[in-house]
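We will go from stop to stop together.

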Amino acid sequence: MSKPPTSKPPSSIAQTHSLASRCPHCSAVARVRTRKHVTFTVDELYFQCSNLWCGCSWKSQLSVLHIISPSATPREGLNIPVTPHAPRPVPANDPGVLIPPAANDEAVSDTA
């Protein structure tokens with residue numbers, strides 16, 4: 001008697017099934033049944049609702065909107081916008097930044 005294999009070979013189908021969404025009609029979990037590579041930045045996903053009473057299936061698009069961290073090996077001719085970084089708050093103890101007095105501080109005079 002032979003043992004079943006302990007690990008599965010990598011495949012695009014196994015990776016496809018890890019992505020899930022919600023059905024637009026009944027809100028049940030929907031799984032990707034097929035994925036079609038369209039361009040370097042766009043894939044078409046075919047979903048199927050897990051609710052047998054609903055049975056809805058649909059096509060969606062997955063696309064790259066912007067780059068968060070630039071690639072160390074960028075593709076020539078591919079121009080994807082880089083996300084603008086949010087402005088960082090200025091720490092209150094930097095020189096030139098006025099620090100308002102605390103609301104519960106009483107005025108202290110230098111004269112004794």
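For the burial labels on this tour, buried means under 20% relative accessible area, exposed means over 50%, and partly exposed lies in between (1.4 Å probe, protein chains only). You are looking at a predicted model, in which local features need pLDDT of at least 70 and side-chain atom pairs count only at pLDDT 80 or more, while totals for chains, interfaces and linings use all residues. Residues are numbered from 1 along each chain as its sequence is written, and side-chain values use heavy atoms, with hydrogens and water left out.

**Stop 1: the sheet**

Colour the strands (DSSP runs of E, at least two residues, numbered from the N terminus). Strands count as paired if DSSP finds at least two bridges between them.

**Stop 2: S3 against S4**

Next, select residues 42–49, strand S3, which runs antiparallel to S4 and is joined to S4 by 7 bridges. For one end of your selection, click Val 42, whose bridge partner in S4 is Ser 63.

**Stop 3: the salt bridges**

How many salt bridges does a search of the whole structure find? There are 2, each a side-chain nitrogen of Lys or Arg within 4 Å of a carboxyl oxygen of Asp or Glu.

Show the side chains of Arg 35 and Asp 43, which meet at 2.9 Å, N to O, in a salt bridge. Arg 35 is partly exposed at 37% relative accessibility, whereas Asp 43 is buried at 13%.

Then move to Lys 59 and Glu 44, whose salt bridge has its closest N and O atoms 3.7 Å apart. Lys 59 is partly exposed, with a relative accessible area of 48%.

**Stop 4: around Glu 44**

Is Glu 44 buried or exposed? Glu 44 is buried, at 12% relative accessible area. The Glu 44 side chain also makes a polar contact of 3.4 Å with the side chain of Tyr 46; such a contact is a pair of N or O atoms within 3.5 Å, where, within protein, one must be able to donate a hydrogen and the other to accept it, and residues adjacent in sequence count only if both atoms are side-chain atoms. Finally, leaving aside neighbours within four places in sequence, select the residues in contact with Glu 44 (heavy atoms within 4.5 Å), including Thr 34, Val 38, Ser 60 and Gln 61.

Conventions. Helix = DSSP H or I, 4+ residues; strand = E, 2+ residues; numbered from the N terminus.
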